[in-house]
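Here is a short report for a reader who is meeting this structure for the first time. Please look over the sequence and the model before reading on.

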There are 2 protein chains.
Amino acid sequence: MREVFHQSLEDVQARLVEIAELVSVAIEKATQSFSTSDVTLAEAVIEADAIIDEKAAALDELAIEILARQQPVARDLRIVVTALRVSASLERMGDLAEHIAQLSRSRFPERAIPKGLKSTFTRMGELDVTVAKKLTELLRTEDLAIAEEIRNDDDAIDELHLSVFEKVLGEGWTGEATATVDATLASRYHERFGDHAVSVAKRVVYLATGDWAGADDSVTLPA
Amino acid sequence: MREVFHQSLEDVQARLVEIAELVSVAIEKATQSFSTSDVTLAEAVIEADAIIDEKAAALDELAIEILARQQPVARDLRIVVTALRVSASLERMGDLAEHIAQLSRSRFPERAIPKGLKSTFTRMGELDVTVAKKLTELLRTEDLAIAEEIRNDDDAIDELHLSVFEKVLGEGWTGEATATVDATLASRYHERFGDHAVSVAKRVVYLATGDWAGADDSVTLPA
């Protein structure tokens with residue numbers, strides 16, 4: 001029984017890593033489709049999101065089953081509770097990658113990135129990919145130094161997000177309403193992706209330390 | 001011991017209802033401040049959000065403690081698992097109410113609702129308040145007919161959300177970039193608020209029926 005139990009817990013962690021990897025692939029393809037107007041890539045992201053959703057739901061069910069049958073305590077319990085919270089964030093990160101892909105697709109054959117914001121969105125996209133990859137590594141290793149790196153990367157994403165609004169609301173902005181809407185939504189999606197990564201990172205800190213309150217994820221930028 | 005346990009579970013449910021009530025108050029004040037440019041009201045929402053965050057974190061800690069000490073099964077376990085997931089959604093709904101209030105405050109003394117969209121945002125705001133109140137009632141009573149009503153209200157919110165984009169991207173739109181950004185963000189916040197309400201409603205269905213997969217909340221509008 002004990003052995004079966006530990007296999008299940010290892011399974012929970014392996015599944016979290018697997019979902020995080022799928023999210024990494026999704027955001028990498030989504031941001032690439034966004035900067036190159038590659039509609040095939042965008043469609044691949046949109047199609048693959050259902051797999052992330054299914055895997056997240058299946059992980060939740062496994063976590064609940066472990067709680068019901070094996071009544072874990074201490075670190076084992078933290079693994080299961082973390083999984084329940086993290087699966088929701090990863091699922092949401094997959095949705096945000098999908099939204100970015102949908103923006104690319106909806107503007108095709110035009111380029112979705114508004115004029116004058118190409119380098120900003122390229123950098124935000126790179127940072128989103130970076131935090132997704134770091135998150136996968138963090139879930140695999142529980143190396144808390146990576147959690148700190150993710151916070152720093154998210155700060156950089158937040159700065160870029162604010163710079164998009166400075167640009168769009170500045171004197172020199174000549175974009176049509178479409179460009180303004182696209183910039184606003186795309187920036188918001190990129191920024192929320194980073195927020196969720198920080199939220200997951202905090203849960204991994206809880207997993208390692210047992211401090212839930214310190215891992216609370218209530219602080220986010222408004223836009 | 002059993003009696004203490006049942007008191008804790010009742011406490012979990014009572015706290016969910018309490019947080020949902022605070023969220024209802026927040027969205028009511030936020031949408032009112034948004035339509036009337038009442039900066040005092042906006043500031044009250046922004047200030048009160050920390051209370052929602054604290055109560056959600058405290059509820060999580062109670063839920064984890066119950067899992068660790070009392071190892072609940074069946075419906076008792078579902079209450080605790082639901083609380084862990086629902087607290088995150090309610091906390092996020094509080095954030096969205098705060099974001100709407102921040103939009104009102106940032107445009108003060110101007111009106112935050114862009115010209116030509118007054119009736120649309122008034123209606124979206126009313127629907128957000130309605131779903132928040134219904135959610136409180138659903139958490140209190142577990143009357144699943146209310147869950148269905150929330151889904152329908154959310155469909156109406158989604159339609160209004162799409163109509164905002166039709167307006168902003170239409171021929172007749174003469175708004176400056178500021179108005180376009182405000183309309184985009186405000187509409188997104190209102191729409192996400194409804195999504196979270198549906199997500200919570202689905203978790204209450206799980207609580208009542210034990211069907212987690214059917215309560216999966218992966219389907220959302222992109223913008």
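## A residue between two helices

Where in chain B is B:Ser37 found? In this model, which is predicted, B:Ser37 is found in the loop between helix 1 (2-36) and helix 2 (39-70) of chain B. The phi of B:Ser37 is near 55°, a positive value in a residue other than glycine, and at 13% relative accessibility B:Ser37 counts as buried, because buried means under 20% relative accessible area.

## Other backbone features

Most residues other than glycine have a negative phi, and most peptide bonds are trans. In chain A, a positive phi of about 50° is found at A:Ala74, although A:Ala74 is not a glycine, and this residue belongs to helix 3 of chain A.

A cis peptide bond, with omega about 5°, joins A:Phe108 and A:Pro109, and A:Pro109 has its place in the loop between helix 3 (74-107) and helix 4 (118-141) of chain A. In chain B, a cis peptide bond joins B:Phe108 and B:Pro109, with omega about 5°, and B:Pro109 is found in the loop between helix 3 (74-107) and helix 4 of chain B.

A:Phe108 can also be related to a residue in another part of chain A, for A:Asp155 lies 47 residues apart from A:Phe108 along the chain, and their C-alpha atoms are separated by 31 Å. A:Asp155 is found in helix 5 (residues 144-168) of chain A, and with a relative accessibility of 43% A:Asp155 counts as partly exposed.

## Two helices of chain B

Helix 4 (residues 118-141) and helix 5 (residues 144-168) of chain B pack with their axes 9 Å apart, at an angle of about 160°. Angles over 145 degrees count as roughly antiparallel, and helix 4 of chain B and helix 5 of chain B are therefore roughly antiparallel to each other. Their crossing is left-handed, and the residues of the contact between these helices of chain B divide into 14 nonpolar, five polar and six charged.

Within helix 4 of chain B lies B:Thr136, which is buried, with a relative accessible area of 5%. Leaving aside neighbours within four places in sequence, B:Thr136 is in contact with B:Val17, B:Ala20, B:Glu21 and B:Ser24.

## The nonpolar core

In soluble globular proteins, nonpolar side chains tend to be buried together. The largest nonpolar core here has 144 residues, and those with the most contacts inside this core include A:Leu90, A:Phe121, B:Leu90 and B:Ile150. Not counting residues up to four places away in sequence, B:Ile150 touches several residues, among them B:Val131, B:Leu135, B:Leu138, B:Ala197 and B:Val198.

Key. Residues numbered from 1 in each chain as written. Chains lettered and ligands numbered in written order. Predicted model: local features only at pLDDT ≥ 70, side-chain atom pairs only at ≥ 80, totals over all residues. Heavy atoms only, no water. Axes fitted to C-alpha atoms, helices over the stretch in contact; angles between N-to-C directions. Helix = DSSP H or I, 4+ residues; strand = E, 2+ residues; numbered from the N terminus. Parallel < 35°, antiparallel > 145°, perpendicular 65-115°, else oblique. Left-handed = near helix turned anticlockwise from the far one by under 90°. Nonpolar A, V, L, I, M, F, W, Y, C, P; charged D, E, K, R; others polar. Core = buried A, V, L, I, M, F, W, Y, C linked by side-chain atoms within 4.5 Å. Buried < 20%, exposed > 50% of the residue type's maximum accessible area, 1.4 Å probe, protein only. Contact = heavy atoms within 4.5 Å.
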